[in-house]
Structure formats: structure tokens, C-alpha cells
Amino acid sequence: MSQKTSKNDQNYFVPGFLQMRRNHYLVIFSLMVIFASLGLLTSFLLKPKYEAESFLITNLNLVQNTNITEVMVDSQLELIGQLMYHPDIIDEVIMLEESAGNQITFAHLKKNSLIERRLMTTVIKVRDESPEIAARIASTWAEVAFDRLNQAYTHALLVSEAQWTITSIEDCQTDPLVVETGFCQNLSPEEVNSLTDEAHDVILAEGPYALGLTKDLQISQYQPASVPTEPIQGARSNLMLAGAMIGLILSLIVFELPFFKDQAEE
């Protein structure tokens, strides 16, 4: 009977911290304090980073009962996020930061920024060791993007109008319902050629400046970033907590060492 019990005991694993002797809790306490102190020292060496957010709000005009799909809407909104890194916008942001005494590069800006989309809003997130600089870059970025995209929108209106003209002329030739309209009835072959050529010229001339925008997608406003008060990375309290947790985990491993196992069995 005793032999069977001994055999079963060998098949069971009892964690070392459940077999602690008196004063063994000091090992846990000491390791947690040591690693929390290391976290405190690290906080003096590692500068915290702050994140500021500015917002670019778009307005998309959708016409019901048309062939506009969800993919088309999503692609237009995704375009705004891609245009945030357009050279015209980035160069202006870098120039304004240099005039403020902050020398940055495109690589630095891209590494410390993130463009997100929340429904109809494009969020510009900028991280920096200085909360004031992070807020200034994010606000400048949103303002510059707002001005540049609104300039592009004026060209997009001309392109959209030219495309509408070409589409209307084509409908006059293919759609029986449109043929009977006054616009189609008053069109002569010479006017068709003239309007088509003018529309093509407008598209070729204005298209590069429209940046892919259409008349249905308008940048309505922007919101500058507020100065962040809490760091998102390198906070002293978080580093100390992480150090204490490392000490706790390490103490659980220490109790599995043969030295502590032998003491627990005595």
C-alpha cells in the first residue's frame, strides 16, 4: 500500500511556491522590489513618448438609387489616408517644423506617425518625446492637408464636370430614355465633337491636380490636436509595475530550483 502511494506521489507535480517554508516569502518580496527598482532606474534613462491626435473630417455625398457600391465609397475614403503622405503635404509640414526650430525628416515623420480612419474621419497620430511638439506636428499636418486637399477639390470639380459631359453624350447615343431629353435633341454632330474634345482637354489638364478626388468627396473641416498629458510609452509607473511582475515570475521559477525543493522536503 505504501509502495503504491509513493509511486503516485512521483506522478504529481506540486509547484515550489506552494511548498514554501517560513521566510521564503522574502524571496518573492525581494525580487519584486529589485526589479521594480530596475524599472524605476530605466524610467530615468528612457524618455517617455506622447501621442497627439488631430482630425480631418470628410463629407461624402452619396446619391441614392445609383450604382455606387460600398467598395467605391471605401476606396474614396481610403484615398484621403494615402494622400496624407503626398509630397506637397509632407514637404510643407517639414518646412514649417524647421522654421519652428525642429529639424525632422520624412523618415522620422513616417516612423513616428500613424494615419487611421474612423468612419468619415481621418485621424493623424504623431508621437514625440515632447507633448508640445507632438501636438504641433499633428495640428500642422491636419491644417496643411486641409488646405492642399481643398485646392485639389477645385480641380476635381472641373474633372467631374468634364466626365459628366462625356457620360451624358454617350448616354444620348445608347440610352433610349435619355435620347428624348432636350440636351440630346439639341446636340449636333459638331457640338458632340467639340464638347467631347473640350472635356478631354479639361481632364488631361486638371486631372493631375485633382489628386484622385471627385466632386462627391469634400474635406469639410479639421480639428487641431490638444497637448497630451499622459505618455503612452515609457511611463514610470508602467515600467515599475512591469519590473515587479518580472520579479514575481522569476521568484516562481526560483522556487523550482533543487536548493529550494530540498529545503521544502526537509
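A salt bridge here is a side-chain nitrogen of Lys or Arg within 4 Å of a carboxyl oxygen of Asp or Glu. By that rule, the structure holds seven of them. Keep in mind that this is a predicted model, where local features need pLDDT of at least 70, side-chain atom pairs count only at pLDDT 80 or more, and totals for chains, interfaces and linings use all residues. Residues are numbered from 1 along each chain as its sequence is written, and side-chain values use heavy atoms, with hydrogens and water left out.

| Salt bridge | Closest N and O atoms |
|---|---|
| Lys 125 and Glu 53 | 3.7 Å |
| Arg 117 and Glu 78 | 3.9 Å |
| Asp 88 and Arg 148 | 3.1 Å |

Now for where they sit. Helices (H or I, at least four residues) and strands (E, at least two) are DSSP runs, numbered from the N terminus. For burial, the cut-offs are under 20% relative accessible area for buried, over 50% for exposed, and partly exposed in between (1.4 Å probe, protein chains only).

Take the bridge between Lys 125 and Glu 53. Lys 125 belongs to strand S3 (residues 121-128) and Glu 53 to strand S1 (residues 50-60), so the pair links distant parts of the chain, 72 residues apart. Lys 125 is buried at 11% relative accessible area, while Glu 53 is partly exposed at 24%.

Next up, Arg 117 bridges to Glu 78. Arg 117 is in strand S2 (residues 113-118) and Glu 78 is in helix H3 (residues 70-83), so this pair ties together parts 39 residues apart in sequence. Both ends count as partly exposed: Arg 117 has 36% relative accessibility, and Glu 78 has 40%.

Then there's Asp 88 with Arg 148. This one links distant parts of the chain, 60 residues apart: Asp 88 in helix H4 (residues 87-99) and Arg 148 in helix H6 (residues 131-174). Asp 88 counts as partly exposed at 39% relative accessibility, whereas Arg 148 is buried at 15%. Some bridges also share partners, joining Glu 53, Glu 116, Arg 118 and Lys 125 into one network.

What about charges without a bridge? Patches are made of residues with over 30% relative accessible area and no salt bridge, like charges being joined within 9 Å. Asp 91, Glu 92, Glu 143 and Asp 147 form a negative surface patch. Helices H4 and H6 each give two or more residues to this patch, and Asp 91 is placed in helix H4.

Definitions and conventions: Patch = residues over 30% accessible without salt bridge, like charges linked within 9 Å, V, L, I, M, F, W, Y side chains within 5 Å. Areas by Shrake-Rupley, 256 points an atom, 1.4 Å probe, with all protein chains shown as cover. Lys, Arg positive; Asp, Glu negative; His and termini not counted. Charge placed at Lys NZ, Arg CZ, Asp CG, Glu CD.
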